[in-house]
Amino acid sequence: MRRVRHTVPNVLLAHAALAAYTVIALFPILLIIINSFKTRKAIFRDPLALPNPETFSLVGFETVFRQGDFFLYMQNSLIVTVASLFFILLFGAMAGFALAEYRFKGNTLMALYLAIGIMIPIRLGTISILEIMVATNLVNTLTALVLVYVAQGLPLAIFILSEFMRQVSDDLKNAGRIDGLSEYRIFFVLVLPLVRPALATVAVFNMIPIWNDLWFPLILAPGEATKTLTLGSQVFIGQFVTDWNAVLSALSMAMFPVLILYLIFSKQLIRGITSGAVK
Amino acid sequence: MGSLVLKNIHMSFGTNEVLKDINLEVEDGEFVIFVGPSGCGKSTLLRIIAGLETPMQGDVEISGQLVNAMPASKRKIAMVFQTYALYPHLTVEKNMSLGLRQAGAASSYIKRQISLAVEMLELEPYLKRKPAELSGGQRQRVAIGRAIVRDPDLFLFDEPLSNLDAALRVNTRIEIARLHRELQSTVIYVTHDQIEAMTLAQKIIVLRDGRIEQVGSPMKLYKDPDNMFVAGFIGSPAMNFIEAGYLGVGGKAATVGVRPEQFTLSRRGRVSGTISHLEHLGAETNIFVNTDSGLITVRQFGEASLDIGAGIGLDFRDEDMLFFDSNGQRLR
């Protein structure tokens, strides 16, 4: 395998490409944030301009806080996202561990069955899901959303995590068994910390779609008490009139919790703590 | 205390039969080595003894007690792994004591056992460190210490030296031999390296394709192998196999085996050829000779002043010949 050489033109090119990508990726976010601090007229007159003393306005944020229960929506979104992630990671890791660690009849078949969900979008089953939720009296509860998101996230989580579990040294698990640790302690104490980077990856993959989802909250939990942030923001988008100040302000604020979650996962979890376990 | 009996052990993964009818007895205090090429089933056999794999068939007895249904933690064994397998989140001290703490041992006993291991392996400076802060050799010593602390009936070693560099390997080998002398405990040791097997074992068990090829002391296997596989596997450089017809040997023998060091250089010897390569090792010289019966390795002590491409004659004493039939079985 040839190593990439770190010559000056190579480094410059790489950084130019990365910088270009950063600009493209950040541009829409920046646009939302700067326009959320502008008057309605200024947004339409010159959307790219930064707010100045003349165009600066907090009217969007005021509207958001006045209309609708913004903090409740945010709380709902956080509960749904965090709870879903927790169960996706827990059950995904457990199933991944079982598939990777134990030999049993139908192991491969089970792995395949669990992975099929990757190929079939869960939204195809929306009507049946709604029927189930109606039958079990879960409509307009956050539980309904958590259940759906866990089902949506599990296939990929199991797929990724079982691959990583396979790489955890057998010797380490066997050492634990000889020392009398239960399979649960081996899983939680020895194996999980070693697959933290994979857990973080799965968490980040699942977090954004859940946080941003409009489909399931709209169908399964449209009630005022269970509205998520994305759904709550829709009150500002009307068929004839859209309150862009409010929409942009709500979106700006909606970005922060998910940004913080992302930072937690990327900084806390992706740490090279695996060194020293084996070799 | 510390004996091991294996009866009719069969093991297969899917359709792949890895162990076929293994029968074996190990006495208390013996140092036994399973040796064989990779894929011969030696590690699987060790894991079966440890209770980490369940055989399809057969019995395992440790210290006279049938342990087929007993989990690994109850079998009074301790295992040292190739990859050390230290718990990354625990200090050296906690790594060593975890097994006893899990078993609910008294803390005074745990302390005594740890200080015993620490003393034997000079681990004092590392007790409060985590595995990540140790070098490979230190980690392996901690892993051995973790085994000693458990005061097991059986020590199981799974290729413990494979991840160490050459110098450390020799040191750790001596260390393990010393531990066995001091503790007088039964050791089952798996390796693919026949030098480790020859230097450490009291009894070697040569495995191939899931079968025991031969059991015996290192010198017994070296001098009196049962078949061509054992003859070729034990000893380095490997034994030379020469067609019987080439040497004019009659009878049932198809192949004649001669060890490299048993050749003498002789102009009118029974074998002649040209030197294709020389390895000067200082204390000895390995001479590779192309003959009509294939490549022959000759080992001469001291420095041999020979030239590549030169003709050479070789001879050996008649009693140094080992005869094998066409199935590779030894003819005695």
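In this predicted model, chain A and chain B touch each other through 17 residues of chain A and 23 residues of chain B. On the chain A side of this meeting place, two helices stand out as suppliers: α8, spanning 170-178, and α9, spanning 183-194, each put in at least two residues. The largest share comes from α8(A), which hands over six residues.

Now for chain A taken by itself. Chain A splits into two domains, with domain 1 covering 8-57 and domain 2 covering 68-269. Going by C-alpha atoms, the centres of domain 1 and domain 2 of chain A sit 31 Å apart. The two domains do touch, though: seven residues of domain 1 of chain A are in contact with seven residues of domain 2 of chain A.

Looking at the domain 1 side of this contact, the elements that give two or more residues are α1 (8-36) and α2 (40-45) of chain A. Of these, α1(A) gives the most, with five residues. Sorted by type, the residues on the side of domain 1 of chain A that touches domain 2 come out as four nonpolar, two polar and one charged.

Definitions and conventions: Residues are numbered from 1 along each chain as its sequence is written. Chains are lettered from A and ligands numbered from 1 in the order in which they are written. This is a predicted model: local features need pLDDT of at least 70, side-chain atom pairs count only at pLDDT 80 or more; totals for chains, interfaces and linings use all residues. Helices (H or I, at least four residues) and strands (E, at least two) are DSSP runs, numbered from the N terminus. Domain bounds come from an automatic or database domain assignment. Ala, Val, Leu, Ile, Met, Phe, Trp, Tyr, Cys and Pro count as nonpolar, Asp, Glu, Lys and Arg as charged, and the others, Gly among them, as polar.
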